[in-house]
Amino acid sequence: RHKAQRATTRPSFSVAEYKKLYEQLRRDIWDAKHKPLKHKYTHELLRDYVLILANSGLRVGEANNLRESDLVEIEDDTGRKLYGFNVMGKTGKRFVVLRVGARRYVDRCLERNSRWRAEWDRAAEQNKKQHNRKRAQHDDWLFRMSDGNKIISLIDQFNAVLKRAGITKNAEGEKFTLYSLRHFYAVQMLRKGKVNVFDVAR
């Protein structure tokens, strides 16, 4: 028998709410055009972070721990090229396949990291000389802050975007979180009829 949960599950975005979200992310990047590069970088990072989560079903912790070396390029049955990730989450190791349209978001992250890597290397070397610290063993994080460090959380920046877009809560008054993007992915996969509930759960 099914035992109903007492706790309220995290809400999913509706299609209209999701549209407002990514349109706001786009506006923020445009508004940061004449601000310091680090401001624009942060907005671009958040945009791609949100879009990848919404198109993959990744958990927030899994996304934060992604490395470029976890990325695998594959083809589907029709020959379309797409990306998958080897991730380690709370349920152990699993392989996450991004939707075909999400490929360009990953490519943007890789291209941005490539452009900023020289600056990150200089900052790391300077920090090592000043504090006599060893360089981090892993420096190929997919999502990195403007200083080159691994992201801890983007929830504050995400909440600020939701506030500017006027969609902090759903119609029932439930507050959106980054995990709402994972729920949005699952709901959309089911609505499109491409997979069944058992495939999504797996």
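How many bridges join strand β1 to strand β2? Five bridges do, and the two strands run antiparallel.

This is a predicted model, in which local features need pLDDT of at least 70, side-chain atom pairs count only at pLDDT 80 or more, and totals for chains, interfaces and linings use all residues. Residues are numbered from 1 along each chain as its sequence is written, and side-chain values use heavy atoms, with hydrogens and water left out.

**View 1. The whole chain holds seven helices and three strands.** Helices (H or I, at least four residues) and strands (E, at least two) are DSSP runs, numbered from the N terminus. Starting at the N terminus, the order of elements is α-α-α-β-β-β-α-α-α-α. The C-alpha trace spans about 60 × 40 × 35 Å along its principal axes. Of the 202 residues, 36% are buried. Buried means under 20% relative accessible area, exposed over 50%, and partly exposed in between (1.4 Å probe, protein chains only). Take the contacts in the chain with a separation of 6 or more: residues 24 or more positions apart account for 64% of them. Contact means heavy atoms within 4.5 Å.

**View 2. Three strands form an open sheet in the order β1-β2-β3.** Strands of a sheet pair through backbone hydrogen bonds, either parallel or antiparallel. Here the pairing is antiparallel. Two strands count as paired if DSSP finds at least two bridges between them. β1 and β3 (92–97) are the edge strands, and each pairs on one side only. On average, neighbouring strands of this sheet are turned by 30 degrees against each other, direction ignored.

**View 3. Strand β1 (residues 71–75) meets strand β2 (residues 81–89).** Leu-71 has Phe-85 of β2 as its bridge partner. Ile-74 stands opposite Leu-82 in β2. The hairpin has five residues between the strands. In this hairpin, Gly-79 takes a positive phi near 90 degrees.

View 4. Phe-85 has Val-96 as its bridge partner in β3.

**View 5. Helix α1 (residues 15–31) crosses helix α5 (residues 155–165).** Their axes come within 9 Å and cross at roughly 105 degrees. That makes α1 roughly perpendicular to α5. Axes are lines fitted to C-alpha atoms, for helices over the stretch in contact, and angles run from 0 to 180 degrees between N-to-C directions. Angles under 35 degrees count as roughly parallel, over 145 as roughly antiparallel, 65 to 115 as roughly perpendicular and the rest as oblique. From α1, the contact uses Lys-20, Leu-21, Gln-24, Leu-25 and Asp-28. From α5 come Phe-158, Val-161, Leu-162, Arg-164 and Ala-165. Six of the contact residues are nonpolar, one is polar and three are charged. Ala, Val, Leu, Ile, Met, Phe, Trp, Tyr, Cys and Pro count as nonpolar, Asp, Glu, Lys and Arg as charged, and the others, Gly among them, as polar.

**View 6. Helix α2 (residues 37–54) packs with helix α6 (residues 179–191).** The angle is about 40 degrees, and the axes are 7 Å apart. The two helices are therefore oblique to each other. Val-50, Leu-53 and Ala-54 of α2 meet Leu-181, Phe-184 and Tyr-185 of α6. This contact has six nonpolar residues, no polar and no charged ones.

**View 7. Leu-142 sits in the loop between α4 (103–131) and α5.** Leu-142 counts as buried, at 2% relative accessibility. Leaving aside neighbours within four places in sequence, its contacts include Leu-66, Phe-85 and Cys-109. Tyr-49 is 93 residues from Leu-142 along the chain, and their C-alpha atoms are separated by 9.6 Å.
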